[in-house]
Amino acid sequence: MTPTISENLAHAALEINDLTVAYIQQGSQKPALWDVDLRVPEGVLMGIVGPNGAGKSTLIKASLELLPRAAGDVRFFGRSYHQARRQVGYVPQRGSVDWDFPTTVLDVVMMGLYGRMGWVRRPGKPDRARAFQALEQVGLADYADRQISRLSGGQQQRTFLARALVQDAQLYFMDEPFAAVDAVTERAIVELLRQLRQQGKTVIVVHHDLSTVSEYFDQVTLLNREIVASGPVNQVFTDQNLQKAYGGRLNFNVGVGQVGAA
Ligand code: ADP
Ligand code: MG
């Protein structure tokens with residue numbers, strides 16, 4: 001059979017079409033995302049920015065089928081989430097997790113392997129070695145046996161990143177990994193993002209700090225319930241688009257690089 005034109009084109013790492021998501025609030029449906037189209041090419045670092053409540057976390061959760069969609073289609077490398085899920089990694093917002101749960105750093109990192117080895121097989125020596133290697137990569141080698149309740153915020157974030165690394169996914173979603181971390185952790189995360197890109201991975205990062213968007217990302221999506229703009233940072237990250245995304249609530253100038261999102 002002759003392949004069709006679309007089969008000849010490389011698939012995007014993520015392709016979202018007509019995605020609408022609504023939460024039920026006080027008995028009525030409130031759309032948190034409205035008719036979202038988004039295409040993220042393979043191998044880019046993509047930042048997602050927009051005001052609080054813009055639907056950034058909702059976009060990730062609906063893509064990962066953690067939330068029901070009112071409408072729309074999401075493809076990973078041309079496949080459904082169900083088909084592609086081992087290639088898709090997720091680093092949730094740190095605050096959304098119960099860190100008092102009695103478990104060690106190493107155990108949390110090993111969870112990243114379960115998708116591949118299944119729940120029945122017990123982790124073996126190579127699995128533990130892989131987990132230790134990931135902990136080294138994020139600078140936590142000395143913390144493997146520590147209870148997660150005894151980690152600082154930055155160490156918690158790096159534990160999550162190590163878990164994502166052992167999964168060895170092709171596409172990663174990270175929800176505000178830089179929120180409330182110290183400068184050392186911030187540099188470690190930036191370094192990790194660059195390593196992942198070098199390996200050809202795609203990383204989609206919800207990001208708060210407008211002053212570092214141009215430095216950290218190749219592409220940016222401005223979101224406020226709808227997509228305001230998406231594409232290469234130098235084309236899309238403009239004062240005009242930022243005003244559209246944040247309304248009048250923003251005191252930031254791309255040229256000057258001063259922040260102050262209200
Ligand atoms: P962001 O991550 O951009 O800050 P969210 O995706 O968390 O925004 O939320 C988008 C909108 O959906 C907000 O108005 C928020 O209040 C609402 N929302 C988020 N989660 C829920 C939920 N579980 N139930 C009801 N409304 C929600
Ligand atoms: Mg959020």
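Start by selecting ligand 1 and the residues near it, meaning those with a heavy atom within 4 Å: Tyr23, Gln25, Ala32, Pro51, Asn52, Gly53, Ala54, Gly55, Lys56, Ser57 and Thr58. The model is predicted, so to speak of local features requires pLDDT of at least 70 and side-chain atom pairs count only at pLDDT 80 or more, while totals for chains, interfaces and linings use all residues. Residues are numbered from 1 along each chain as written, chains are lettered from A and ligands numbered from 1 in written order, and side-chain values use heavy atoms, without hydrogens and water.

Next, show polar contacts (pairs of N or O atoms within 3.5 Å). Oxygen atoms of ligand 1 lie 3.1 Å from a polar backbone atom of Ala54, 3.0 Å from a backbone N or O atom of Gly55 and 2.9 Å from a polar side-chain atom of Ser57. The protein buries 59% of the 560 Å² that ligand 1 exposes when taken alone (Shrake-Rupley, 1.4 Å probe).

Now colour by secondary structure (DSSP runs; helices of at least four residues, strands of at least two). Strand E1 (14-25) and helix H2 (56-63) each give at least two residues to the shell, and H2 gives the most, three.

Move on to Met174. Together with Phe237, Met174 touches the most other members of the largest nonpolar core, which has 50 residues; such a core joins buried nonpolar residues (under 20% relative accessible area) through side-chain atoms within 4.5 Å. Contacts of Met174 (heavy atoms within 4.5 Å) beyond four places in sequence include Ile60, Val91 and Leu161. Finally, select Ile16, Val44, Ala62 and Leu171, which are among the 27 residues of a second, separate core.

Terms used: Polar contact = N/O pair within 3.5 Å; in protein donor to acceptor, adjacent residues only side chain to side chain. Buried < 20%, exposed > 50% of the residue type's maximum accessible area, 1.4 Å probe, protein only.
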